Amino acid sequence: DYISFFFMAASLGCLEYFLDQGGFETWFNSSMMVSIFFVSILFLIFFIWRGMLGKAIINFELFSQKNFMLVCLVSFIVTLLFVSVIAYVPTMLQTVYGYPVVTAAYLTTPLGFSSMIAAPLVLQLCKKIDSRIIAFVSILMLAFVSFLSSTLSKSITYEFIIGIGVLEGIGIMGMFIPL
């Protein structure tokens, strides 16, 4: 359904622009930012309305299943937590530890590479091992990475940052793919 896809894409696009540029445009003090925010909400309402008519690209009846709803909620919360941490680390390396931008980028790149490498491996593991076990072990790995991240000090080493990134990339794929 191209109409509901348009409403969803336009809503998310406007919301993304609002969140990205809101700080520069003083959020709700700018009439343009207020307009973009309300357009985003309006298109979201149209998208939901199309879904209630049974014409959306997403089958809203799936959300009546408790397991599906729980997985969506857990995925949303974990994504929110880990993406915010992933987005914060390069800035922290630059401002707190004084690393140049290029060094911070090099230190955080292994997270992405380990995710790319782990994704097909986790997919193959899911065919041989119960997905719940893989997700549980990955959540434990992410908890361990979070604990290690809480021990950061001024004398942090490159190896420590890279190691945390690699473990986090593997853990994120190990959790999301089974979910």
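A pocket is here an open set of points on a 1 Å grid over the protein atoms alone, with protein on both sides within 12 Å along at least five of seven lines, and its lining residues have an atom within 4 Å of a point. The structure is a predicted model, in which local features need pLDDT of at least 70 and side-chain atom pairs count only at pLDDT 80 or more, while totals for chains, interfaces and linings use all residues. Residues are numbered from 1 along each chain as its sequence is written, and side-chain values use heavy atoms, with hydrogens and water left out.

The largest pocket is lined by 13 residues, and Leu12, Leu44, Phe47, Phe63 and Phe76 lie nearest its centre. Two or more lining residues come from each of helix 1 (2-21), helix 2 (31-52) and helix 3 (66-95), where helices are DSSP runs (H or I, at least four residues) numbered from the N terminus. The lining of the largest pocket comprises eleven nonpolar residues, two polar and no charged; Ala, Val, Leu, Ile, Met, Phe, Trp, Tyr, Cys and Pro count as nonpolar, Asp, Glu, Lys and Arg as charged, and the others, Gly among them, as polar.

The second largest pocket is lined by 23 residues, of which Val85, Val89, Ser149, Ile164 and Glu168 are the closest to its centre. At least two lining residues are supplied by each of helix 3, helix 4, helix 5 (131-149) and helix 6 (158-176), and the largest share, eight residues, comes from helix 3. By class, this second lining holds 17 nonpolar residues, five polar and one charged.

Helix 6 has 19 residues and spans 27 Å from its first C-alpha to its last, close to the 27 Å expected at 1.5 Å a residue, the expected span being 1.5 Å times one less than the number of residues.

Ser114, in helix 4 (residues 101-128), is buried, because its relative accessible area is 8%. Leaving aside residues up to four places away in sequence, Ser114 touches Gly165, Val166, Gly169 and Ile170, a contact meaning heavy atoms within 4.5 Å.

Terms used
Buried < 20%, exposed > 50% of the residue type's maximum accessible area, 1.4 Å probe, protein only. 1 Å grid on protein atoms, 1.4 Å probe; cavity = no way out; pocket = protein on both sides within 12 Å on 5 of 7 lines; lining within 4 Å.
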